[in-house]
Every structure is written in structure tokens, then in C-alpha cells.
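Here's a quick briefing to read alongside the model. Keep the sequence and the 3D view open as you go.

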Amino acid sequence: MPLGEEFEFIDRRFRDLTVPIAWVERLFDGCRWAEGPVWFADGGYVVWSDAPNNRMMRWIPECGVDVFRAASNFTNGNTRDREGRLVSCEHGTRRVTRTEPDGTLTVIAERYKGRRLNSPNDVIVKSDGTVWFSDPNYGIMSNYEGFKAEMEQDGCYVFRADPARGTLDVVADDFVKPNGLAFSPDESLLYVADSGVSHDPDGPHHIRAFRVGKTGKLSGGRVFAEVSPGLPDGFRVDTDGNVWTSAGDGVHCYAPDGALLGKIHIPETTANVTFGGPRRNRLFITATTSLYTVFVGATGAQRP
Ligand code: MG
């Protein structure tokens, strides 16, 4: 593809968010469903999930790709907490875990009201240490990326776990299939994707925005962006509050006012993104079989 053709400019603001002489590179192409990319700033590498292959991968600059963890309990979404510990959603064990520095796993959430979770999908950590995750049933619908099983919960919820207090609360219960999540840079807003269209052509394919109250209670929940083609799976926010989301044709960038600014076209269905690199100005994109990367003009807001 000629230089620059991956970028589609819909709003002139997208010019400053991209680098005209940068291009999309494919770093790896051996996955079945690449998801959950997370940047390790201290190690200088990217870790991501390859759920159907029950493994996690790692890309190290100048070295290449190795298997980070196998078996991975069919891990999906990943993030890091404020201490830099990896926090992961596991389909196979239907739980959210934290990887301690010595490699042992600590269970953060596994059951709600005594019943097993569906299959935690994506996760973020707030600056107060609380762990927010979505719990659609994708991982128990078949044996492809988990183990086929009946739902034990009455719905697909968004949860907030507080590891310090040992609590687990439902913060949103009106989603068809909640998926990616991200806070605005000041954490006053929580964005949550609903990818219900994946199994119902009339289902939602949008991102909603909630106001986050002092005690962690959510209000509002308006539709922030309708994503098409495809659906919003995972996304990240930059320091200016722009939302960079996966979509059927690549990455879509939305301004805080909800305007679609532009796209980065990726040749495979895109699942998720994360910002990385020493200056957090490099987008890493998981898309079906592959990990892609492109330098952008924006800076990722997530820490560490
Ligand atoms: Mg997801």
C-alpha cells in the first residue's frame, strides 16, 4: 500500500494525530485471534493474547516474538495496575487475575453472588487501584476460545473489583455484550463498548460514555460513538481524550465530542489497540492473525 494510504482523514484534526511519513507494519502473523495488547514500559515490550491458541505472546524490539505464557487459561484482555503488575481476563477459568512479580497468579474476581462469572473479556485499572472489567459470554459460547458452558449470571455486566477491600460490584447491567473499556484522562468518564451485533445483526455496535462519581457509581451512559463497519471491541484513550477503537476495517479515532476524526486501515478485522514505545506515541494493533504497529502524533494516556 503506498505511503499514507492507510490513513483516512475525515476531520482535519486527524492530521495532527498522525505522522504523514509513518506507515503500518506487521510485526507478527501467526495468531488465530490476537487480542489484549499491553505495553510494558519498564521492559520495553508488548504482550498480547492469542486466545484460541491458549497462549500469550510477546514482541521485543530488535529481538522478535516469543511465547510469553502457555497455557494461558485462554486469556483475553490485559492491562497493568499502578504497580506494573499484569492484570488479565481469563476465559478458560472465567476469572480476572493479577500476575505477581514472582509469576504467581492472584485471583481478583471469579464469582459474583456465589455464581461463576461468564468469561471476563477486557479490563482496566483506575488510579485508586480498583479493577474494572466486562463480562460478556463470548468465552463460554463455544470451545474455540474457552470452554462451552451455561451462563450462571443473569446477564452480561460491567464489574468493579476492589482488591484492597475484597469487594466486587456491578456498575452497569444494561449491556448486551459489554466489551472494551477505558477511562478519560482525568477518569471523570468511563467508556464501555457494547459489541452485541456480533451475534445479532440488530444488536449494538457502539461505545457508551458514563460519568464516574466519587464513590465509583456510574451515571449517564449515552451512546458516544456508533462504530461501523464491524464493531468496537477494544480501545484506548490518548492524552487529549481522543478514543482510538478497533473496528471492522481497522482503527477509528473519535474526538472527545464524539466526532469521527479518521481511520487507520488495517487489512484484517481489528480487535484492540494499545499505545507503547518510550514516548507512548506508537500504536500496537491486534488484528485477527497479526500484531501491527504504526507511529502516531498522539500520546497514550494509560499508565504505567
Ligand atoms: Mg474484547
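Counting cysteine sulfur pairs within 2.5 Å as disulfides, you get zero disulfides here. Cys 31 is in no disulfide, and its nearest cysteine sulfur, that of Cys 89, is 18 Å away. This is a predicted model, where local features need pLDDT of at least 70 and side-chain atom pairs pLDDT 80 or more, while totals for chains, interfaces and linings use all residues. Residues are numbered from 1 along each chain as its sequence is written, and side-chain values use heavy atoms, without hydrogens and water.

**Cysteines**
- Cys 31 is buried at 6% relative accessibility (buried is under 20% relative accessible area, exposed over 50%, partly exposed in between, with a 1.4 Å probe and protein chains only).
- Cys 63, by contrast, is exposed at 67%.
- The closest cysteine sulfur to that of Cys 63 is in Cys 31, 18 Å off, so it's too far for a bond.

**Magnesium site**
- Asn 121 (OD1), Asn 179 (OD1) and Asp 233 (OD) coordinate the magnesium ion at 2.1 to 2.2 Å (donors are N, O and S atoms within 2.8 Å of the metal, or 3.2 Å for Na, K and Ca; water is not among the atoms, so sites may look incomplete).
- Along the sequence, the donor residues follow the spacing N-x57-N-x53-D.
- Asn 121 sits in the loop between β12 (115-116) and β13 (123-125) and Asn 179 in strand β17 (residues 178-183), so the pair ties together parts 58 residues apart in sequence (strands are DSSP runs of E, at least two residues, numbered from the N terminus).
- Asn 121 and Asn 179 are both buried.

Key
Helices (H or I, at least four residues) and strands (E, at least two) are DSSP runs, numbered from the N terminus.
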